Amino acid sequence: MKVKMRHVGKYAAALLVAFSVLAPMGWLFLMSVSAASDLTRVPLEWLPRQWDFTRYGKLLSLEPGQPGVLFLHALGNSLLVATGATIICLLLAIPAAFSFSRYRGRDGWLFASLAIYMVPPVAFVLPLYFLLQQFDLLNTRPGLIIVYCSLILPFLTWMLKNQFDTLPQDIEQAARLDGLRVWQVLLRITLPLAKPVLGAAALFGWLLAWDEFFYALLFTSNIAAQTLPVTIAGFTAGRATDDGLIAAVGILASVPPLFIAIWLQKTLVSGLASGGSKG
């Protein structure tokens with residue numbers, strides 16, 4: 001009886017979590033396909049009387065005057081900046097994490113980078129602004145990529161370092177005795193064993209860049225480099241008076257992270273289990 005109650009409790013908790021996550025997205029979708037009259041009707045009805053998908057067509061259209069011009073351009077900026085920053089950070093975090101894990105006495109540098117990571121972002125606004133201005137990188141996608149690397153790199157290094165600590169070093173030592181260099185051991189032995197956490201680290205780093213709003217708002221001034229969070233804020237600030245259109249923007253903005261999470265589902269689960277804690 002106790003075992004059955006325990007299983008019931010687990011399933012109830014899982015359903016509660018699923019409902020808390022899916023219910024807002026479901027309501028957002030219903031808003032996006034509801035007519036303006038349905039959204040303002042009192043009392044509010046849960047299901048729209050007339051399903052309207054034209055807002056999605058407007059957002060996916062590049063016709064002049066359509067909101068899709070802003071949305072699709074910002075979507076492309078977000079994809080490019082988030083993917084570029086994640087790839088660069090992975091290329092830098094992997095050797096850095098391997099060095100911190102295999103060569104003792106360097107943890108102070110890792111803790112220092114994590115301490116800087118915990119400083120409120122507003123403290124770095126002026127230094128970053130002057131640096132970007134000096135190199136003519138304000139309102140550019142490369143400038144945002146550099147800024148996002150400073151946010152993502154400490155996190156990915158810490159996450160990968162914890163995973164490298166759990167891997168057996170006997171195989172690496174045997175490979176060194178066979179004549180492999182350090183970088184060959186990293187590429188041929190360590191990285192294949194750490195493949196699960198690489199997917200999880202890539203996903204979390206990509207999401208950090210995808211959702212970032214503060215620096216994108218300050219360091220961009222027009223659609224040439226503005227990312228999706230800034231553009232969505234522009235829609236909600238008065239560029240669009242249709243609440244259903246804003247809801248449709250939110251639904252479409254959630255599609256890329258959803259597909260990436262599904263693609264990396266197996267590595268995400270195993271990576272969270274092995275890379276989230278040490279030992």
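Contact here means heavy atoms within 4.5 Å, and helices are DSSP runs of H or I with at least four residues, numbered from the N terminus, while strands are runs of E with at least two. With that in hand, look at how Leu191, Pro192 and Leu193 in α9 meet Lys195, Pro196 and Leu198 in α10. This is a predicted model, where local features need pLDDT of at least 70, side-chain atom pairs count only at pLDDT 80 or more, and totals for chains, interfaces and linings use all residues. Residues are numbered from 1 along each chain as its sequence is written, and side-chain values use heavy atoms, leaving out hydrogens and water.

Two packed helices are described by the angle between their axes and the distance between the axes. Axes are lines fitted to C-alpha atoms, for helices over the stretch in contact, with angles running from 0 to 180 degrees between N-to-C directions. Helix α9 (residues 182-193) packs against α10 at about 70°, with the axes 5 Å apart. The pair is therefore roughly perpendicular, a label for 65 to 115 degrees; under 35 is roughly parallel, over 145 roughly antiparallel, and the rest oblique.

Now follow α10 (residues 195-211) over to α14 (residues 255-263): their axes come within 11 Å and cross at roughly 175°. That makes the two roughly antiparallel. On the α10 side, Leu203, Trp206, Leu207 and Trp210 make the contact, and α14 brings Pro256, Pro257, Ile260 and Ala261.

Next up is α4, with 35 residues and 50 Å from its first C-alpha to its last, close to the 51 Å expected at 1.5 Å a residue (that is, 1.5 Å times one less than the number of residues). There's a kink of about 25° at alanine 93, shortly before proline 95; the bend is the angle between axes fitted to the seven residues ending there and the seven starting there.

Phenylalanine 98 also sits in α4, which covers residues 68-102. Leucine 186 is 88 residues away along the chain, yet the two C-alpha atoms are separated by 7.7 Å.

Aspartate 52 is partly exposed at 22%.

Definitions and conventions. Buried means under 20% relative accessible area, exposed over 50%, partly exposed in between (1.4 Å probe, protein chains only).
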